[in-house]
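Reader: I've got a fold open in my viewer and I'd like to learn how to read it. Could you walk me through it?

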Amino acid sequence: MEHKVPDDQQILEEYFDLATNKKTKKLSWLYGMVATFGLDPDQLDGFTWNNDYSINLKNKKKAIQPLHPQWTFLFELKEKQPCKSEDCLSSVRSSLYRAMAFENTQLRITDLLNAYEIRKNFYKNAMRKQQRKSPALVGAF
């Protein structure tokens, strides 16, 4: 069965459905991280937070910025991180994969990642168009 790419509203609804259920509360955090940063859960091993709510990954030189910065605050990702250890993250990740396999969630990681890529490309194109419409004020002052 093919899944359609979720829009932002569907992602928000699924996140809060997971967050308000005792059994899936920890899963909601991981789900929010994937939706916000566009990373596969396996890529989050050993990540660290920066003061600007971006994250650092072990194998990346550049910090990863949230595409929707407001989601970092809305989901309280930094504050509600369920655990700091690799073992705990691995356990939460396994729980999320089980929930998806048994259809306890409507959306899939690949759907979230596809939605992220679509938004990212849309924003990049919108920024390019905006930059072409308003040329830089070089030497204006």
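Predicted model: local features only at pLDDT ≥ 70, side-chain atom pairs only at ≥ 80, totals over all residues.

Reader: Fine. Which pattern does the chain follow along the sequence?

Author: Start with the elements in order. Here the chain runs α-α-β-β-α-α-α, which comes to five helices and two strands.

Reader: And what share of the contacts joins residues at least 24 apart?

Author: Set the cut-off first: among contacts between residues at least 6 apart in sequence, 61% join residues at least 24 apart. As for burial, 40% of the 141 residues count as buried.

Reader: Now a single residue. Is Gln 81 buried or exposed?

Author: Buried means under 20% relative accessible area. Gln 81 has 16% relative accessibility, so it counts as buried. Gln 81 sits in the loop between helix H3 (69-74) and helix H4 (86-101).

Reader: What does Gln 81 touch, leaving out residues up to four places away in sequence?

Author: Trp 29, Phe 47 and Trp 49. With Trp 49, the side chain of Gln 81 also makes a polar contact of 2.8 Å.

Reader: What does Phe 37 touch beyond four places in sequence?

Author: Its partners include Trp 49, Ile 55, Leu 77 and Tyr 116.

Methods. Residues numbered from 1 in each chain as written. Heavy atoms only, no water. Helix = DSSP H or I, 4+ residues; strand = E, 2+ residues; numbered from the N terminus. Buried < 20%, exposed > 50% of the residue type's maximum accessible area, 1.4 Å probe, protein only. Contact = heavy atoms within 4.5 Å. Polar contact = N/O pair within 3.5 Å; in protein donor to acceptor, adjacent residues only side chain to side chain.
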